[in-house]
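Biologist: Before we discuss any labels, could you show me the model and then take me through how each description is reached?

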Amino acid sequence: MKVTEAFRVALDALRANRLRSALTMLGVIIGVAAVVILVAIGNGAKREVEAQVEGLGSNIIIVVPGKFEFGSAPSVSRLTLADVDLLGRVVGDRRRVAVTIASGETVSVGSRKVFATVNGVNENVPNVFDRAVARGEYLTGTDVDTRRRVAVLGSSVARDVFGDVDPLGRQVSIAGVRFRVIGVFVRVGSTFGVDRDSEVHIPVTAAQRLFGVDRIDGLAVKAPTADDVEPLQKRLVSALQDKYTGEEFSAVTQTQILGTIGRILGLLTLVLSAIAAISLLVGGVGVSNIMLVSVRERTREIGLRKALGARSRDILLQFLIEAVLLCVVGGLIGIGLGVGSSLLVSAVSPLPAVVAWWSPALAFGVSAAVGIFFGVAPARRAGRLDPVVALRTE
Amino acid sequence: MTGPAVEARDVSRSYRLDGVSVHALRGVTLRIDQGDYLAIVGPSGSGKSTLMHLLGCLDRPSAGSLLLGGRDVAALTDGELAQLRNQTIGFVFQSFQLLSRTSALDNVALPLVYRGVRRAERRARSAAALAAVGLAHRLGHRPSQLSGGEQQRVAIARALVGDPRVLLADEPTGNLDSQSGADVMDLLGRLNSERGVAVVLVTHDPSIAARARRRIHVRDGLIERDDADTPGDATSAADAPA
Ligand SMILES: Nc1ncnc2c1ncn2[C@@H]1O[C@H](COP(=O)(O)OP(=O)(O)O)[C@@H](O)[C@H]1O
Ligand SMILES: [Mg+2]
């Protein structure tokens, strides 16, 4: 018997049992859809974070006290503003060194309040990071030196506390202290539902007094070219370690951050898809189960086909194709559902879901493999049935 | 064309059931020639069906040899046996054995599917076979939409669509009323006389056995008696009242 013929017979059998076929496919549909969606979410998260890190600017080196590790609490900082000059000498240009000290504070105008990240920074931030001011100006060296109470607002902070009023030149209260708004940042949007425009920059000197500290959290250095990043990284750390003997410092590059994020999200995606793969496996077992039932139910049919000249491999092929069809059709529906849901998720939820081109291909391949793997046992059983015994079955 | 279509030489068939051997056939020698019309009769459990399954190459003998068209089936693989069965044997079963969700036409076409005949030709030949059994107007009907007699005629059409040399029928009228049974018997008789198909039918009904030209009496897995009509008797036996 030709494969096309076996295909037609298998299709007829599936069509004859529509409801059962649909229910059997459901397991595969859910499994495949889950794989596609979860991979899309993991993939989208990775891209989003990568875009964000890359969007910071280029050739940036972040210098922080202690060992740099994701998830570990930041070490107690001994860095001070004086280190800007130290690192400035290492880079050869003080303007390439930005500082930060951050705290969550209430920002208010009259009765309108918003909670935002308040960053104490120096005037070099625009030299290091790609963070453009939409209106007004960024703070200057003089603002920092004279501890002037001026603020540059993120676009959502400006909108939340000022509404439609132009904030430039107006007073805003940060942690109960009045600051004058001198600029508003360009909108950057949100990542994973976290608003990245909920931010306020004030001079680091003013921030230290506001937060009651004399340290800084960390520094950021912009290397002149990409080739300078690696050597500079080492020199920055050794300069700090020479000054603070016995202390540890880390200088991480964007590439390293991207690598770490990639690994973490890659692992996350892997774990999620492994969980989804389990449901695919369960779906496969369901297919196998139904095929076994089907073989038993159709014992007489198998006996008859054999009596009329079907060889064992014709019967095997027929049942194998049935199992594979269930899985492949289920897989295709699952892919459709998965891609559709991914689009829906990225449209209505903060999770960025980007369907990886390889995940539907993989899901399809896996569902076909599941069909073959779980179809073989029932199909072999069908193929081996003795026609006489099968025909005698009631 | 003459010469043996199927030949059984001292064939036995035993089954093992819970460690005990059941001897369904205990040394049967039988030769069926081209164009024979033969009835296998005997009480229930005597081994008639077992013998028929062996003659139809659905099963292999435990001992002895079985020759189909001169070839010993023991030398054939299961696949070759299936092919040989497909080309030389037509089966009719007591319980019709039609595929329930399949039209009469597609049921009849089934043996041709396993012969690799193209779809268009399959349909044409199946329609012709259905016409030959008087069911030209029932091509698209499913078994459940047909009477018992019609179903058995579909089964006969399926048995003859591949132009077999031997048609094996196991109690073909067992599930039919007397009128339908008579129709089926007439049909089998015509196939034998007009097409020269050797017909072997299993029955325990003496009046049906009487229509055959030769009767094999089986008892306890052995041939007890093998009586053939003399050529002159053939017509009178066939005309015997049902
Ligand atoms: N698959 C089997 N396993 C065990 N015993 C069987 C099997 N098939 C037939 N038999 C036994 O073989 C004997 C002959 O059976 P069968 O050929 O069906 O008889 P008949 O068709 O004449 O009624 C019976 O005793 C039956 O129980
Ligand atoms: Mg019987």
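This is a predicted model: local features need pLDDT of at least 70, side-chain atom pairs count only at pLDDT 80 or more; totals for chains, interfaces and linings use all residues.

Biologist: Why are H5(B) and H6(B) called roughly parallel to each other?

Modeller: The axes of H5(B), residues 148-160, and H6(B), residues 178-195, cross at roughly 20 degrees and come within 9 Å. Since the cut-off is under 35 degrees, H5(B) and H6(B) are therefore described as roughly parallel. The crossing in which H5(B) passes H6(B) is right-handed.

Biologist: Which residues of H5(B) and H6(B) meet, and what classes do they belong to?

Modeller: From H5(B) come Gly149(B), Gln152(B), Arg153(B), Ile156(B) and Leu160(B), and they meet Ser180(B), Val184(B), Leu187(B), Leu188(B), Leu191(B) and Arg195(B) of H6(B). Divided by class, the contact of H5(B) with H6(B) has six nonpolar, three polar and two charged residues.

Biologist: What makes Gly149(B) count as buried?

Modeller: Buried means under 20% relative accessible area, and Gly149(B), with 6% relative accessibility, therefore counts as buried. Gly149(B) lies in helix H5 of chain B and, when residues up to four places away in sequence are not counted, touches Leu176(B), Ser180(B) and Val184(B).

Biologist: Which residues of helix H2 of chain B are buried, and what do they pack against?

Modeller: In H2(B), residues 78-88, the buried residues are Leu81(B), Ala82(B), Leu84(B), Arg85(B), Asn86(B) and Thr88(B). Their packing partners in chain B are strands S4 (63-68), S5 (71-72), S6 (89-92) and S7 (166-170) and helix H3 (104-113), and they also pack against helix H10 (299-307) of chain A.

Biologist: At what angle do H9(A) and H11(A) cross, and which residues make the contact?

Modeller: The axes of H9(A), residues 254-297, and H11(A), residues 312-348, cross at roughly 145 degrees and come within 10 Å. The contact is made by Val287(A), Met291(A), Ser294(A) and Val295(A) of H9(A) with Phe319(A), Glu322(A), Ala323(A), Leu326(A) and Cys327(A) of H11(A). By class, this contact of H9(A) with H11(A) has seven nonpolar, one polar and one charged residues. The crossing of H9(A) and H11(A) is right-handed.

Biologist: How do you know what radius of gyration to set beside that of chain B?

Modeller: A compact globule of 242 residues would have a radius of gyration near 18 Å, and chain B agrees because its own value is 18 Å. The C-alpha trace of chain B spans about 45 × 45 × 40 Å along its principal axes. Chain B has eight helices and 10 strands, and 53% of its 242 residues are buried.

Biologist: What does the corresponding rule give for chain A?

Modeller: For 394 residues a compact globule would have a radius of gyration near 21 Å, but chain A has 32 Å. The C-alpha atoms of chain A fill a box of roughly 100 × 50 × 30 Å along the principal axes. Chain A has 13 helices and 12 strands, and buried residues make up 49% of its 394 residues. Of the contacts in chain A between residues at least 6 apart in sequence, 79% join residues at least 24 apart.

Notes. Residues are numbered from 1 along each chain as its sequence is written. Chains are lettered from A and ligands numbered from 1 in the order in which they are written. Side-chain values use heavy atoms; hydrogens and water are left out. Axes are lines fitted to C-alpha atoms, for helices over the stretch in contact, and angles run from 0 to 180 degrees between N-to-C directions. Helices (H or I, at least four residues) and strands (E, at least two) are DSSP runs, numbered from the N terminus. Angles under 35 degrees count as roughly parallel, over 145 as roughly antiparallel, 65 to 115 as roughly perpendicular and the rest as oblique. A crossing is left-handed if the near helix is turned anticlockwise from the far one by less than a right angle, and right-handed if clockwise. Contact means heavy atoms within 4.5 Å. Ala, Val, Leu, Ile, Met, Phe, Trp, Tyr, Cys and Pro count as nonpolar, Asp, Glu, Lys and Arg as charged, and the others, Gly among them, as polar. The radius of gyration is taken over C-alpha atoms; the globule rule is 2.2 Å times the number of residues to the power 0.38. Buried means under 20% relative accessible area, exposed over 50%, partly exposed in between (1.4 Å probe, protein chains only).
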